[in-house]
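Here is my note on this model. Please read it with the structure open beside you.

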Amino acid sequence: MNGNYRGVRWAILALAAVFFALHAVHLNADFPNHSPWMDWAKYTDEGWYGDAAIRYFLRGNWYVSGDFNPAVALPVWPLLEAGVFSIFGVSLGTARGLAVGVFGAILIVTYLLLRRMRQGSLVPAIAVLLLAVSPFIYAFSRLAILEPLLILLTLLGLYAGSFLSPQAKGLPRWLPTITLGIIMPLMVLTKTTAVFLLPAIFWMIFAQSGYRWRSALRFALPAGAISATLWASYFLIFVRPHYLADYRYLFSANQYTSFQKEPLWKVIANTFRDGMWMGRISYLLVAVAIAAVVLTHRKAWRNPLYISLLLWVAGYFFFLAYHNNLQPRYYLVVAVPLTILLAISLTLLSEDRAWVRGAAAAALAVVTIRAGMETLHYVRTPEYTYLNAAKRIRSTIDADPRGNHLVLSISGSNLALMTGLPAICDDFGTMDLDKRVAAYKPGWFIAWNIVEDDKMDALAPLYKLTRVAEYPALDDPERNLLIVYRLDPKDEPKPVKKPRKQPQFMATSLSDGKAKVSLDDE
């Protein structure tokens, strides 16, 4: 690489570093309000999927029987959170700081992977910059959710696979295989949809084996055996004897799909259309660039990383279409490989003609400037409506003389993360809500905007709901007001004392007794 390219590369990386640093600014701020991405994760997921760690440090036990316990099936993220909570304490900023650290690791592994696969002198730096400036990635990579860690592990899987070599001997030959055998179950135990990304890793194994099935199986089968052994050990030793109901519940709760409720063409069209959440210009540009590369550059078919990234995107698009619950956060898992593919594709297209090189540079400049300006807007205009509402809720509950702090809410785990309030979920759990309420006896119910019928049905037999306060938070018209209800236990019916009388007329006495019994029963 000549000096000019080296200087450009370091300038690009320096700019990427600045934008990455901005991810760590205003960690406690709301997910950007009035953004194009209306996603339910910002209300619940940061608490739900870290709940085991939150409970352990706040209540002394990671598991709450009958409540929502996703850590049984997805333990990797809460274990990482437990590590940082043990050092910095339980807080929203700590959890999001870990998420930003994961994103930083994504940038590093992306750079190393592209350098190793020799994708061009400037491609690694360009890809890192495009990831760092993306407003879509900025918004979701700062949330303490599962998708960023899944992306990092998938990139690590591709990176480990790139070291496979049939010519290697001894430890260098088997170390990548062992590493893959560890990474793949970690992927699945981070988020079960990782199974749709495994073909991308297998293609890297196949390509690094010289596109020979027999050689590929010599690596893939041991890696698969290690993965299966680790996962089965976890399931048989930990899950099956103790938490099988919670494990099954996670899958039954997510089993719904509206795939069959719409025509196939409409499901597919909506799935690909919503990819524009990553940025309309970027999405259209990468679609055109990939199509042009596939049609005009045959050597792209012999590019292991290029095809692996395409399989990554295709596999997750298949999941999105089948699940047909097109939440924006799911698209983060395809936005990262698509962004990397954009950098590679434009570089491949610009190899032959100078005018294409100029057009590609101009397109990258436009994408980077527009994305950077939008990201800077979100950095400059933080809002804290959710955190402020949570703090006011904590003050309201602390001021109550009864001393029962237990909260029932769909966002209870998020409130626990932000304020330390103990909470149980009103939506998911292995125990029916009415039984859970009776067992744990919460003191407060916190709803978004309205009290849903099923929640009222579970609470009404035991409690009178007294509306105490309401606090605005976030921007969804259907979820922008947190309403605090005090749960006042209904008095037990007192038995009616029957006066002791001397029975003068037996018929009258029996008649009166029957009347009293009927009245009491009613």
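1. **Basis.** This is a predicted model: local features need pLDDT of at least 70, side-chain atom pairs count only at pLDDT 80 or more, and totals for chains, interfaces and linings use all residues. Residues are numbered from 1 along each chain as its sequence is written, and side-chain values use heavy atoms, with hydrogens and water left out.

2. **Elements.** Helices (H or I, at least four residues) and strands (E, at least two) are DSSP runs, numbered from the N terminus.

3. **The hairpin.** Find β4 (residues 463-476) and β5 (residues 479-489). These strands pair in the antiparallel sense, over 10 bridges. Two strands count as paired if DSSP finds at least two bridges between them. A hairpin of 2 residues joins β4 to β5.

4. **Positive phi.** Two residues have a positive phi although neither is a glycine: K441, at about 50 degrees, and N449, at about 70 degrees. K441 is in the loop between α20 (433-440) and β3 (444-448). N449 is in the loop between β3 and α21 (453-459). N449 counts as partly exposed, at 22% relative accessibility. The cut-offs are these: buried is under 20% relative accessible area, exposed is over 50%, and partly exposed is in between (1.4 Å probe, protein chains only).

5. **Helix α6.** How many residues of α6 are buried? The count is 11 of the 11, so α6 is largely enclosed by the rest of the structure. Among them are V123, P124, I126 and V133.

6. **The second largest pocket.** Its volume is about 610 Å³. The closest to its centre, of 27 lining residues, are L122, V123, I126, T347 and S350. Elements giving two or more residues to the lining are α1 (3-22), α6 (123-133), α16 (332-349) and α17 (354-380). The most come from α17, with 5 residues. On a 1 Å grid over the protein atoms alone, a pocket is an open set of points where a 1.4 Å probe fits, with protein on both sides within 12 Å along at least five of seven lines; lining residues have an atom within 4 Å of a point. Grid points are joined across faces, edges and corners, and the volume is the space filled by probe spheres set on the points.

7. **Aromatic pairs.** The structure holds 39 of them. The rings of W174 and F219 have centres 6.1 Å apart and planes at 55 degrees, so this pair is tilted. W174 is in helix α9 (residues 171-190) and F219 in helix α11 (residues 213-242), 45 residues apart. F219 is buried, at 2% relative accessible area, while W174 is partly exposed, at 34%. Rings of Phe, Tyr and Trp (its six-membered ring) pair if their centres lie within 6.5 Å; planes under 30 degrees apart are stacked, over 60 edge-to-face, and the rest tilted.

8. **A cluster.** F31, W37, F136, F140 and Y378 form one aromatic cluster.

9. **Charges over rings.** R173 lies over the face of W174, 5.2 Å from the ring centre. R302 lies over the face of Y211, at 4.1 Å from the ring centre. The rule asks for NZ of Lys or CZ of Arg within 6 Å of the ring centre and within 35 degrees of the ring normal.
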